[in-house]
Amino acid sequence: PAPRTILLTGAAGGMGTLMRELLPPYGYELRLFDVAPIPDAPDAIIADLADKDALRRAVEGVDAIIHLAGISLEAPFEKILAANIQGTYNLYEAAREAGVRRIVFASSNHAVGFTPRPVGDDAPLIPIDTPRRPDTYYGISKSFGEDLGSYYWDKYGIESVAIRIGSCFPEPTNVRMLSIWMSPADGARLLHAALTAEGVGYTVVYGSSNNTRLWWDLSSARALGYDPQDDSEPYAAKLIAEHGELDPANPDHANLGGAFCTNPPIWPH
Ligand code: NAI
Ligand code: 15L
């Protein structure tokens, strides 16, 4: 049967807020989880990923999990360790104990952030099996989350789709994002595909729209049934007029991870 009741962790965050609007029309009932309060959601479970009892309640009876919760930028290692590494482990363990069969994990382009970006029209797209080259402790935690999914599939038969998300925001706001933007509507399409595709086992995909300036190969995402409908190109002229084209000689522009490789944005909390 198609999954129906979905635990959405990180539901108070930027993507979580977007997905709370965009996923129910696909027929899902969302159970919300976040450490931050969620306005107008009295049934949400407000707890930290460190709280194993809260996680047990959260996973009880769900058909699948979308795991967005965690620190979404660079932070001191100890904070990344608690929220993203220990926290994701706690979630997988709760899922295993409760018999949840599938987890969709919000990985990130920063798991492969030190990979040189394609330069020029003929440069090959970055394949999904490119070696991981994390650009931050944050990127290392996403690399760990991917390995956790691989391990729980091989050891326990729990399926995972790890989505190396580019930039999922309402609009692209810089020139790098022209290549890696995932529109919120395409984000919902990809999550729906990851929840419903048959026999995913352990699958890793890049998460972006069908951008004219795309840097990576979307074929593993398309193999799940994902058919992106959006392209960042209508935003290109304005962003390039404002910021100029990417400069391969600028270290901030040299790699997939952009400035995370040089001067990463820091989690504010
Ligand atoms: P966000 O920072 O807006 O939301 C993350 C949410 O996780 C927040 O509401 C926060 O309260 C919650 N959270 C953090 N630590 C927690 C803990 N210990 N226990 C419970 N909840 C906790 O991030 P955003 O942009 O919504 O991203 C969602 C996920 O997707 C994150 O895992 C992020 O790393 C990943 N991602 C997002 C991208 C994007 O472009 N938005 C790009 C690549 C990956
Ligand atoms: C991420 O992994 C972050 O969570 C998001 O806030 C953006 O910075 C995105 O990557 C990006 O690379 O633009």
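Biologist: Why is Asp40 called exposed?

Modeller: Asp40 has 6 other C-beta atoms within 10 Å. A residue is exposed at 12 or fewer such atoms, buried at 20 or more and partly exposed in between, with C-beta atoms placed from the backbone, so Asp40 is exposed. This is a predicted model, where local features need pLDDT of at least 70, side-chain atom pairs count only at pLDDT 80 or more, and totals for chains, interfaces and linings use all residues. Residues are numbered from 1 along each chain as its sequence is written, with chains lettered from A and ligands numbered from 1 in the order in which they are written.

Biologist: Which residues are around ligand 2?

Modeller: They are Ser72, Leu73, Ser108, Asn109, His110 and Ser167. A residue is near a molecule if its C-beta atom, placed from the backbone, lies within 6 Å of it.

Biologist: How many residues of the shell around ligand 2 are polar?

Modeller: The shell has 5 polar, 1 nonpolar and no charged residues. Ala, Val, Leu, Ile, Met, Phe, Trp, Tyr, Cys and Pro count as nonpolar, Asp, Glu, Lys and Arg as charged, and the others, Gly among them, as polar.

Biologist: Which element gives the most to the shell around ligand 1?

Modeller: H1 does, with 3 residues.

Definitions and conventions:
Helices (H or I, at least four residues) and strands (E, at least two) are DSSP runs, numbered from the N terminus.
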